[in-house]
Amino acid sequence: MYDFEKKMLPIGIESFTEICTDDFYYVDKTALIRDLLRRRGKVNLFTRPRRFGKTLNMSMLRYFFEMGGDKTIFDGLDILKETSLCEKYMGKFPVVSISLKSANGSDYTMARSLMCSIIGNEAIRFYELATSDRLTDVEKMIYKQLTAVDTTGKSMYAMSDAVLMGSLKTLSGLLEKHYGKKVVLLIDEYDVPLAKANEQGYYSQMITLIRNMFEQGLKTNESVQLAVLTGCLRVSKESIFTGLNNLKVFSITDPECDVYFGFTDKEVREMLEYYGLEDKYDLIREWYDGYRFGSSDVYCPWDVISYVDKLLVKRDLPPQDYWINTSSNDVIRRLLEGASTETRDEIERLIAGESIQKRIHEELTYKEIYENAENVWSLLFVTGYLTQRGEAEEKMRNLVIPNREIHNIFMTQIRSWMQSKVREDRERLNAFCEAFRNADGETVQTIFTEYLDETVSIRDTAVRTGLKENFYHGFLLGLLRFREDWKVASNRESGTGYADIVIEIFREKTAIVIEMKYVENGDLEAGCRVAMEQIRREGYDRQPSLNGMNRIIKCGMACHVKDCKAVFEE
C-alpha cells in the first residue's frame with residue numbers, strides 16, 4: 001500500500017526548486033557546487049550519458065548563483081556547510097541558463113528557429129533591460145533585437161544570423177552593465193543540436209552556428225564569471241571549441257566530481273531504507289548499478305527512481321528497462337551492421353559477461369563517430385552502453401556491459417539486427433519456414449546453424465540459461481513471422497502455459513507446436529528429447545487453440561552457442 005506520509009519521487013522533474021519546495025525526495029548533490037568552484041576553469045564541460053542528472057544539477061547551479069532567488073531552498077543541504085564559499089558566491093550573479101535539448105529540428109530552418117526561441121525566451125526573463133537606466137538607448141535597442149517577435153509567423157523570434165550568433169555575448173554584456181556583476185552562463189545538453197543535425201544532414205550549417213555562438217559567448221566574452229556546459233559527447237575543440245584554451249573537461253573518466261552524476265551505493269541504500277524496500281537492494285544493484293565514472297561506481301538515477309516509484313505501488317513488480325525508452329539505441333545497430341568477424345566475436349564476449357580492451361577516443365565530432373569501429377566503441381563508452389573495469393594502458397579501456405538492463409538492450413538490438421539481416425535473403429528464409437511445415441529437421445537445423453554462424457550467438461559463460469533460451473526463442477520467433485499467411489504465437493508474449501511457439505496455418509488446417517531448449521553441456525539430442533517430452537507431458541498439442549486442426553506437427557529444438565538440432569513428430 002502506498003505510504004502517503006513519505007516524500008514523493010521526482011519522476012521527470014528536473015527543476016531543483018520544485019523538488020526542494022514541493023516535498024520530493026532529493027539525493028543531495030549540492031557538494032558539486034563546492035568541488036566545481038574549487039576545481040573550475042573559466043569554462044567547464046561535464047560529459048555524462050543521458051538520464052544521469054545533468055539537467056537537475058544545472059538547475060541547482062542556477063538557483064545557487066542567481067541573484068534575487070529564495071535561498072532557503074538550500075536549507076539542510078551539504079553546500080551550506082561551506083560558509084565562506086556561500087557568502088562569496090551564493091545569490092551573487094545574474095545567470096543565463098539555457099538548454100539546447102529542444103533544438104532538434106528536422107532541417108536547419110526549423111533548428112535555427114528553435115534556437116532563436118531558446119535564446120529569446122531566456123532574454124525575456126531579463127525584461128528589466130528594456131528600461132534599464134544603466135543602459136544606453138543603443139544598448140536597449142540591441143537587447144530588443146534578442147526579443148523582437150517575428151511578425152511573419154514563420155518563427156517566434158526575428159533574429160538575424162549575426163544577432164543569434166552573438167546572442168550569448170550580447171545578453172551577458174548587457175546583464176553585466178545593468179547589474180554591475182559578471183554573469184554565470186549555463187548551457188545544458190549543448191551537443192543535442194549537433195547530434196540531430198548529423199542525423200538529418202545539416203551538420204555543417206549547425207556547426208557554423210554553434211561555433212560562432214560559443215566562440216563569442218565563451219572565448220571572447222569578458223562578461224562571464226563562470227560557464228558550465230553539459231552534454232553526452234565531448235565534441236572536439238577543432239569542431240566547435242576552436243581556440244578555447246580555458247575549457248576544463250570533467251568526463252566520465254575523470255575522478256573530479258565523479259559522484260555527482262548518478263547515485264552512489266550509499267545513496268541507493270539510504271533511499272531503499274527510507275521507503276522500506278531494503279530487500280530490493282540486490283535486485284536494483286544487478287539491474288541498474290555498474291557504471292564507473294572516474295574512480296566511483298554509480299547507479300543510473302532515472303532507473304532507480306522509476307523502479308522504486310513502481311515498487312511503492314506494487315511491491316512484487318519485477319525490474320523493468322526504463323533507460324531504453326529515453327535514448328536512441330541506433331549506435332548498437334550501427335556497430336552490428338558494419339561488424340567484422342572480430343567485432344562479432346567481441347560482441348559475443350560482452351554479452352557473455354566478459355570484458356574487451358579498446359582504445360577510447362573521448363574527443364570526437366559527430367561526423368566521425370561512424371567512420372570506423374574504434375569510434376563506435378568510443379561512442380558506446382561515453383553514452384553509457386559500456387563502462388570501464390579495472391586498469392588498462394593509456395587511452396585503452398577494459399570495457400564491459402554495466403548491468404542487466406543494458407544487457408537486455410544489447411540482446412534486443414542484436415536479435416532485431418539478426419532478424420533484419422536474415423530477411424535480406426528471402427529465398428533462404430522461406431525455405432527455412434517451409435522446412436517446419438514439412439517436418440524437415442535436417443533443413444531446419446542446417447539453415448538455423450548457418451544463421452548463427454553469420455550473426456551473433458550466446459556463449460556459455462555468465463548469461464543465465466533462461467536468458468539464452470529467451471534469446472534463441474525470440475530470434476526464431478522473428479524468423480517464422482516472415483510468413484504473413486501464418487498465425488505465429490508465443491507463450492512468452494502472452495504469459496500462458498502454452499508451448500514456446502505455436503504456428504497455425506488455417507487454410508491447410510495445420511498446426512506446428514515448437515518447444516525450444518538451451519543445453520549448457522552441448523548435448524543437443526538430449527535437449528530435443530526434453531523438449532518433446534514437455535510437449536507431450538503438458539499436452540501442448542491438445543490446447544483449445546488447436547481445435548479444428550487436422551494435422552499437428554510437434555517440434556523439439558535444442559541450441560548450444562552456434563549449434564542447433566531439431567526433431568519432429570506428427
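This is a predicted model: local features need pLDDT of at least 70, side-chain atom pairs count only at pLDDT 80 or more; totals for chains, interfaces and linings use all residues.
**Stop 1: the parallel sheet**

Select strands S2, S3, S4, S1 and S6, named here in their order across an open sheet of 5 strands with parallel pairing. At the edges are S2 and strand S6 (247–250); each has a single partner strand, so one side of each is left without a neighbour in the sheet. On average, neighbouring strands in this sheet are turned by 15° against each other, direction ignored.

**Stop 2: Thr30**

Go to the loop between helix H1 (16–21) and helix H2 (31–39), where Thr30 has its place. Is Thr30 buried or exposed? Its relative accessible area is 0%, so Thr30 counts as buried. Show the residues around it: beyond its neighbours within four places in sequence, Thr30 is in contact with Phe16, Met60, Phe74, Leu77, Asp78 and Ile79. Then show the side chain of Asp28, which a polar contact of 2.6 Å joins to the side chain of Thr30.

For a distance check, pick the C-alpha atoms of Thr30 and Leu174. These residues are 144 apart in sequence, and their C-alpha atoms are 29 Å apart in space.

**Stop 3: helix H5**

Select residues 108–124, which make up helix H5. At 1.5 Å a residue, its 17 residues should span 24 Å, and the end C-alpha atoms are 24 Å apart, which agrees. At the start of the helix, zoom in on Asp107: one of its side-chain oxygens reaches to within 3.3 Å of the backbone nitrogen of Thr109.

How many of the 17 residues of H5 are buried? The count is 12, and the helix is mostly covered. Among the buried residues are Tyr108, Arg112, Met115, Cys116, Ile118, Ile119 and Glu122. To see what the buried residues pack against, show strand S2 (95–99) together with helix H6 (137–147), helix H7 (161–165), helix H8 (167–179), helix H9 (192–200) and helix H10 (203–219).

**Stop 4: helix H10**

Stay with H10 and colour its buried residues: Tyr203, Met206, Ile207, Leu209, Ile210, Met213, Phe214, Gly217 and Leu218. Around the axis they cover an arc of only 165°, which puts them on the same side of H10.

**Stop 5: strand S15**

Move to residues 510–518, strand S15. Here 9 of the 9 residues are buried, so the strand is largely enclosed by the rest of the structure. In a regular strand, side chains alternate between the two faces of the sheet. In S15, Thr510, Ile512, Ile514, Met516 and Tyr518 point one way, while Ala511, Val513, Glu515 and Lys517 point the other way.

Next, show the partners of S15. Strand S14 (residues 501–505) pairs with S15 in the antiparallel sense over 5 bridges, and Glu504 stands opposite Ala511. The two strands form a hairpin with 4 residues between them. In its turn, select Lys509, which has a positive phi of about 50°.

Strand S16 (residues 551–560) pairs with S15 in the parallel sense over 9 bridges. End the tour at Lys517, whose bridge partner in S16 is Ala558.

How values were computed. Residues are numbered from 1 along each chain as its sequence is written. Side-chain values use heavy atoms; hydrogens and water are left out. The expected span of a helix is 1.5 Å times one less than its number of residues. Buried means under 20% relative accessible area, exposed over 50%, partly exposed in between (1.4 Å probe, protein chains only). Contact means heavy atoms within 4.5 Å. A polar contact is a pair of N or O atoms within 3.5 Å; within protein, one must be able to donate a hydrogen and the other to accept it, and residues adjacent in sequence count only if both atoms are side-chain atoms. Two strands pair if DSSP finds at least two bridges between them. The arc is that of the directions from the helix axis to the C-beta atoms. Axes are lines fitted to C-alpha atoms, for helices over the stretch in contact, and angles run from 0 to 180 degrees between N-to-C directions.
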